[in-house]
Amino acid sequence: MSAPVPPARGSTVRSALEAALSSAPEHGLTAKDLSSLVGISEKDVADHLVHLEKSLKAQGLRLEVVPASCIQCGFAFKDRKRFTRPGACPQCRSTRIDPPAFRVTG
């Protein structure tokens, strides 16, 4: 059985991510949203975002991160630098975490 073929893309993955994030709603797009829009795996999104953040900075733009938050107690992961979803809440130890969302701002 052959591997699934990703959708045809006329640009690089990072430029496709940048375009998706530039037109993102105010609440941003999660890694899951981005993976379906761009056609890459959800795990690969975080790696591409690290590099995209540097490219945007050179253009005078910024990758804004809406922090992940705990669904149970509401704790917000404001100081977290990684773009992946945290495993558990440090306050209540719940694993029900809303993932971070991203968007490009000027």
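A: A polar contact is a pair of N or O atoms within 3.5 Å; within protein, one of the two must be able to donate a hydrogen and the other to accept it. The model examined here is predicted. In it, the side chain of E64 makes such a polar contact with the side chain of R103, at 2.7 Å. E64 belongs to strand 2, which covers residues 62-66. If its neighbours within four places in sequence are left aside, E64 is in contact with A101, F102, R103 and T105.

Not counting residues up to four places away in sequence, T105 touches L61, R62 and E64. A C-alpha separation of 23 Å, by contrast, lies between T105 and G39, which are 66 residues apart along the chain.

A pair of aromatic rings is described by the distance of the centres and the angle of the planes. The count comes to two aromatic pairs. In one of them, the ring centres of F75 and F77 are 5.0 Å apart and the planes stand at 85°, so this pair is edge-to-face. F75 is partly exposed, because its relative accessible area is 24%, whereas F77 is buried at 11%. In the pair of F83 and F102, the centres lie 5.6 Å apart and the planes are at 85°, so this pair is edge-to-face. F83 lies in the loop between strand 3 and strand 4, while F102 lies in strand 5; the pair therefore ties together parts that are 19 residues apart in sequence. F83 and F102 are both buried.

R93 is found in the loop between strand 3 (69-70) and strand 4 (97-98). R93 counts as exposed because its relative accessibility is 63%. Most residues other than glycine have a negative phi. The phi of R93, however, is near 65°, a positive value in a residue other than glycine.

Finally, the cysteines may be considered. How many disulfides does the structure hold? The number is zero. A disulfide would require two cysteine sulfur atoms within 2.5 Å. For C70, the closest cysteine sulfur is that of C92, at 3.6 Å, which is too far for a bond. C89 has its closest cysteine sulfur in C73, at 3.6 Å, again too far for a bond. C70 counts as buried because its relative accessibility is 4%, and C89 is buried with a relative accessible area of 0%.

Terms used:
Residues are numbered from 1 along each chain as its sequence is written. This is a predicted model: local features need pLDDT of at least 70, side-chain atom pairs count only at pLDDT 80 or more; totals for chains, interfaces and linings use all residues. Side-chain values use heavy atoms; hydrogens and water are left out. Helices (H or I, at least four residues) and strands (E, at least two) are DSSP runs, numbered from the N terminus. Contact means heavy atoms within 4.5 Å. Buried means under 20% relative accessible area, exposed over 50%, partly exposed in between (1.4 Å probe, protein chains only). Rings of Phe, Tyr and Trp (its six-membered ring) pair if their centres lie within 6.5 Å; planes under 30 degrees apart count as stacked, over 60 as edge-to-face and the rest as tilted.
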